[in-house]
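Dear colleague,

I am handing over the structure below, together with some notes on what was found in it. Please read them with the model open beside you.

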Amino acid sequence: MPFAHRRRLIIAIVAGGCLLLGLICVGMYGLLRGTATAADHESRPIADSSQDQPTPISSPRSVAGTPDPERFVRAVARALFDWDTRSSDGPGEWAQRLVDVADPEEAAGVAADVRAYLPNPTTWDQLRAYSTRQKLDINTIEIPDAWNTARAQATRGQLSKTAVAFTVTGTAQRHGTWNRDPVESSRAVSFTVFVDCPTDEHCRLLRLSRPDAPLH
């Protein structure tokens, strides 16, 4: 089996296990919490009069190239969560900067993964009415035990020696306006980023876990 296919296979297996765990957790959470509403997924403005100064409008910026895996994952994480609906760019333009740093063989998968993190165009337009923008505060970036287990169990040649997974935890902070008043909301987030950083080359993005369904 060609190396690229073997690599995709093992990442798919790891991501699949991650998805299964996520579904179990979501099911348990749903039983405990009850049915969620659309408003739970898109932060509702909360009155906060502490923000008196207008903030500059952000535009999509390229993910900086680096051979350092952790630094690259940090940049990817921010590119996933930092966006501003006040700019003239839509979700497609904000997503493209992540596709641009994807491994060429994984670009289609990365594009699909990123869509799960960004608001769809309809929701984006609704958020734009509130001048909504989002930022990620990163708490931890760690190689999960599940990745070490997957690597230990992989047969020779199944995984690139320079491929690695990092699980990121943090808080997504949203700001906007509601009836001309500044408002904000926040929520905890977690996810896993798969990257490959060949020697003397910039890192490349392989895949992402589903939102809030990281490897542990």
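What share of the contacts in the chain with a separation of 6 or more is accounted for by residues 24 or more positions apart? The share is 73%, where contact means heavy atoms within 4.5 Å.

Some ground rules come before the details. This is a predicted model, in which local features need pLDDT of at least 70 and side-chain atom pairs count only at pLDDT 80 or more, while totals for chains, interfaces and linings use all residues. Residues are numbered from 1 along each chain as its sequence is written, and side-chain values use heavy atoms, with hydrogens and water left out.

The chain has seven helices and five strands, taken as DSSP runs numbered from the N terminus (helices are H or I with at least four residues, strands are E with at least two). Read from the N terminus, the order of the elements is α-α-α-β-α-α-α-β-α-β-β-β. Of the 216 residues in the chain, 41% are buried, that is, under 20% relative accessible area, with exposed meaning over 50% and partly exposed in between (1.4 Å probe, protein chains only).

The five strands form an open sheet in the order S1-S2-S3-S4-S5, with antiparallel pairing; two strands count as paired if DSSP finds at least two bridges between them. S1 and S5 are the edge strands, each pairing on one side only. S1 and S2 are joined in the antiparallel sense over two bridges, and Trp83 has Gln134 in S2 as its bridge partner. Gln134 in turn stands opposite Arg174 in S3. Nine bridges link S2 to S3, and Ile141 stands opposite Val168 in S3. Between S3 and S4 there are 16 bridges, again with antiparallel strands; Gly176 is partnered by Val183 in S4, and Val164 stands opposite Val195 in S4. S3 and S4 form a hairpin with two residues between them, and Asn179 in the turn has a positive phi of about 55 degrees.

Leaving aside neighbours within four places in sequence, Leu205 is in contact with residues including Phe72, Val76, Leu98, Val110 and Val193.

The second largest pocket has a volume of about 340 Å³. A pocket here is an open set of points on a 1 Å grid over the protein atoms alone, where a 1.4 Å probe fits, with protein on both sides within 12 Å along at least five of seven lines; lining residues have an atom within 4 Å of a point. Grid points are joined across faces, edges and corners, and the volume is the space filled by probe spheres set on the points. The lining has 16 residues, and Arg61, Arg78, Asp82, Arg97 and Lys135 lie nearest the centre of this pocket. H3 gives the most to the lining, with three residues.

Best regards
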